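Please look over the sequence and the model below. A short report follows, taken topic by topic.

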Amino acid sequence: MDWIIHSKGLYMDNNCDKDRGSEHISCWTHFYISSVGEYSSDKGFVSKKEDTFDPDELTELLGIKPRNAWKYGDHIEVSSNPDRRHLNSGWFSERIYEPPVDRFDHFHAIIQNLIPHEKELVEFKKNHNVYYEIEMCIYEGSCSDILLESDVLAFCSRTGIEIRFNTVLLTYDPEEDT
């Protein structure tokens, strides 16, 4: 993978297959907030209970409905074990897919919803032990050229949002979106 300095920001070039058809999802991006914690080999991601937050408070603060959210101690819905509980708190925005939205517009689409709440995001992070991240998940065989423009980088820097490119070779399964 090559990093190219562009006049507008950083550009990642993974020399991808440009002929992939538009009928396939090539990537998706979302914003999420998680309580800070550590990974445990037997329990997964674990936060100290006093470091967690109420996702309903965050939803009200941002005025954005999450795709998924949970409190520390909530039942894990995808688990067959009825006693399995979340050991952290989390809030996930809706995913933006390519297609229909070009990957070059994913980060702008996400931060456009967050810009009006910049002060609230900074304050929320000061008052809670949380981690902010925008994650782009790139599917196997898809084009992975990405431009991080300077305004996106500046906003993320001001608010403490990390950026992750998940380039694990995933195969798109429409059933996982349900």
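What volume does the second largest pocket have? The answer is about 150 Å³.

## The model and its confidence

This is a predicted model. The mean pLDDT of the protein is 80. Of its residues, 76% reach 70 or more. Over residues 1–23 the pLDDT is below 50. That stretch still has 55 contacts in the model beyond near neighbours in sequence. Where pLDDT is low, the predicted coordinates should not be read in detail.

## The second largest pocket

By class, the lining of the second largest pocket has seven nonpolar residues, two polar and two charged.

## The largest pocket

The largest pocket holds about 1,200 Å³ of space. Its lining has 37 residues. Nearest the centre of the largest pocket lie Arg67, Asn68, Trp70, His86 and Phe92. The lining divides into 14 nonpolar, 11 polar and 12 charged residues.

Several strands each supply at least two residues of this lining. They are S3, S5 (44–46), S6 (68–70), S7 (90–92), S9 (130–139) and S11 (161–170). Which strand gives the most to the lining of the largest pocket? Strand S3 does, with five residues.

## Serine 35

Strand S3 covers residues 27–35, and serine 35 is part of this strand. Is serine 35 buried or exposed? Serine 35 counts as buried because its relative accessible area is 1%, and the cut-off for buried is under 20%.

Two polar partners stand out by name. The side chain of serine 35 makes a polar contact with the side chain of serine 47, at 2.8 Å. A polar atom of the serine 35 side chain also lies 2.9 Å from the backbone nitrogen of serine 89.

What else is in contact with serine 35, leaving aside neighbours within four places in sequence? Besides Ser47 and Ser89, the list has Phe45, Asp51, Thr52 and Phe53. Asn88, Asn129 and Val130 are in contact with serine 35 as well.

Definitions and conventions
Residues are numbered from 1 along each chain as its sequence is written. Side-chain values use heavy atoms; hydrogens and water are left out. Helices (H or I, at least four residues) and strands (E, at least two) are DSSP runs, numbered from the N terminus. Buried means under 20% relative accessible area, exposed over 50%, partly exposed in between (1.4 Å probe, protein chains only). A polar contact is a pair of N or O atoms within 3.5 Å; within protein, one must be able to donate a hydrogen and the other to accept it, and residues adjacent in sequence count only if both atoms are side-chain atoms. Contact means heavy atoms within 4.5 Å. pLDDT is the predictor's confidence in each residue, from 0 to 100. On a 1 Å grid over the protein atoms alone, a cavity is a set of points where a 1.4 Å probe fits but cannot get out, and a pocket is an open set with protein on both sides within 12 Å along at least five of seven lines; lining residues have an atom within 4 Å of a point. Grid points are joined across faces, edges and corners, and a volume is the space filled by probe spheres set on the points. Ala, Val, Leu, Ile, Met, Phe, Trp, Tyr, Cys and Pro count as nonpolar, Asp, Glu, Lys and Arg as charged, and the others, Gly among them, as polar.
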